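Hi there,

Here is the structure I promised to pass on to you.

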Amino acid sequence: MEYNDIGRGPEVADAVREFIEETVLPVEREWLGRGPVPPAEIEALRDAARDREIYAPQVDEAYGGLGLGFREMLPVFEEAGRSLLGPTALRCAAPDEGNMHTLEIAATDDQKERWLRLLAAGEIDSGFAMTEPMQGGGSDPKMLGTTAEKDGDEWVINGHKWWTTGGLEANLLLTFARTDQEAHPYAGCSVILVPADTDGVEIVRNIPHLGEDLVGTTHAEIRFDNVRVPVENTLGEENEGFKLVQQRLGPARLTHCMRYGGMADRALDIATAYLSEREGFGEPLSEKQGPRFRIADRRTELHAARTMVRHAARRIADGHEARIEVAMAKTFAANVAQEAIDDALQFCGGNGIAYDLPIARFHENVRQFRIVDGADEVHRRSIARDAFEDPPTEELAPVTRFGEFD
């Protein structure tokens with residue numbers, strides 16, 4: 001399909017696809033079913049990406065990346081997502097990709113030199129500490145319970161976070177906390193840069209979870225007990241954290257869509273190859289109408305998802321918030337990717353649930369997409385609220401009401 005991707009995007013995407021096929025997939029196949037992949041292997045893949053000049057495509061050139069614009073990077077992320085190792089090898093995996101974007105748009109020059117440069121180089125890792133256990137902030141961020149109060153030139157942070165992706169490995173935690181206890185949370189929260197080795201930061205555990213994969217991604221529960229960091233570690237404007245979080249989450253949701261879109265695309269590739277070779281009832285299974293029609297439906301839906309993502313990305317690039325467009329694209333793409341991968345697993349039968357092929361790992365991994373960066377229900381709530389905001393009541397003029405007479 002042609003999507004009118006702009007600038008260097010198509011050229012870099014082609015180079016990334018070649019890199020994934022030639023360099024990343026052999027490593028993936030070697031470690032399927034017995035991962036995670038050792039750090040030395042990951043670093044070797046990153047060195048190979050650097051050699052091909054495709055490393056950190058989304059990061060500004062001043063910090064070691066390619067400096068692709070947001071719309072340019074979308075097809076690149078899709079190609080990276082064809083392998084579970086691809087985004088990590090290219091340094092465009094969550095959460096670091098979103099955290100680097102947040103630092104690029106809001107950090108001071110000193111913060112960028114201290115943190116962004118090291119993150120882009122892969123010398124440190126980061127986590128985004130926002131979500132809290134029940135009854136803290138989650139799908140309803142107004143319930144945020146973690147606080148940061150000033151004591152001289154320091155923030156004193158107390159709170160409880162969990163599902164901080166990459167939290168066990170993180171050297172830096174972008175921590176979301178209430179910094180004005182009297183204000184509404186939308187006007188009284190900030191993002192604060194907290195080194196993970198700061199006194200009072202306790203990594204409680206890695207939460208056992210569905211979808212542990214080749215990269216061995218962790219999701220940490222973290223406690224903050226009188227954690228002190230300089231006020232100068234505030235990221236962006238004080239008490240403007242919600243605005244900054246929204247600037248992070250919109251693009252991050254779309255890059256998730258592209259990574260998982262690439263995963264779903266490869267799953268369908270594997271399934272069609274398998275159906276073409278696997279025989280049953282006197283002919284290849286690819287000749288059966290049932291799987292052919294389902295593959296056709298999944299391909300159609302995946303095309304629609306890609307188109308929706310690009311539309312939302314264009315709106316963001318043009319300076320719009322695109323909140324509803326992003327919500328629609330994210331919800332639709334998450335469900336499309338899940339269904340495509342589930343069908344691919346079904347069509348591959350016993351080989352689908354074995355780790356000889358990557359589809360079982362895809363299946364474990366994709367389910368989280370309907371929850372991370374906003375559950376389906378939260379996005380549908382936003383879409384419905386927008387739809388019902390100003391209904392065209394004039395359309396109901398011909399409707400007869402009880403007791404009305406000419």
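Below are my notes on helix packing, the nonpolar cores and some backbone details.

First, the ground rules. This is a predicted model, in which local features need pLDDT of at least 70 and side-chain atom pairs count only at pLDDT 80 or more, while totals for chains, interfaces and linings use all residues. Residues are numbered from 1 along each chain as its sequence is written, and side-chain values use heavy atoms, with hydrogens and water left out.

Let me begin with helix H9, residues 323–347 (helices are DSSP runs of H or I with at least four residues, strands are E runs of at least two, and both are numbered from the N terminus). H9 packs against helix H11 (residues 359–366) at an angle of about 150°, and their axes are 9 Å apart. Axes here are lines fitted to C-alpha atoms, for helices over the stretch in contact, and angles run from 0 to 180 degrees between N-to-C directions. The angle makes H9 roughly antiparallel to H11 (under 35 degrees counts as roughly parallel, over 145 as roughly antiparallel, 65 to 115 as roughly perpendicular and the rest as oblique). On the H9 side, the contact includes Ala 337, Ile 341 and Leu 345; on the H11 side, Phe 362, His 363 and Val 366 are among the residues involved. Contact means heavy atoms within 4.5 Å. By class, the residues of this contact are eight nonpolar, two polar and one charged (Ala, Val, Leu, Ile, Met, Phe, Trp, Tyr, Cys and Pro count as nonpolar, Asp, Glu, Lys and Arg as charged, and the others, Gly among them, as polar).

H9 also packs with helix H12 (residues 376–387), at an angle of about 140° and with the axes 9 Å apart. These two helices are therefore oblique to each other. Among the residues that meet are Arg 323, Lys 330 and Thr 331 in H9 and Asp 376, Arg 380 and Asp 386 in H12. The contact of H9 with H12 has five nonpolar, four polar and six charged residues.

The largest nonpolar core has 94 residues, and Phe 19, Leu 235 and Leu 254 touch the most other members. Such a core is a set of buried Ala, Val, Leu, Ile, Met, Phe, Trp, Tyr and Cys residues joined through side-chain atoms within 4.5 Å; buried means under 20% relative accessible area, exposed over 50% and partly exposed in between, with a 1.4 Å probe and protein chains only. Helix H7 (residues 241–277) gives this core its largest share, 16 residues. Beyond its neighbours within four places in sequence, Leu 254 is in contact with residues including Phe 70, Val 309, Ile 316 and Val 326. A second, separate core of 16 residues includes Ala 170, Leu 173, Ile 222 and Phe 224.

Finally, the backbone. Most residues other than glycine have a negative phi, and most peptide bonds are trans. The peptide bond from Ala 94 to Pro 95 is cis, with omega near 0°, and Pro 95 sits in the loop between helix H4 (86–90) and helix H5 (96–106). The bond from Met 134 to Gln 135 is cis too, with omega near 5°.

Glu 53 has a positive phi of about 60° and is exposed, with a relative accessible area of 63%. Ala 322 has a positive phi of about 55°, but Ala 322 is buried, at 5%.

Best wishes
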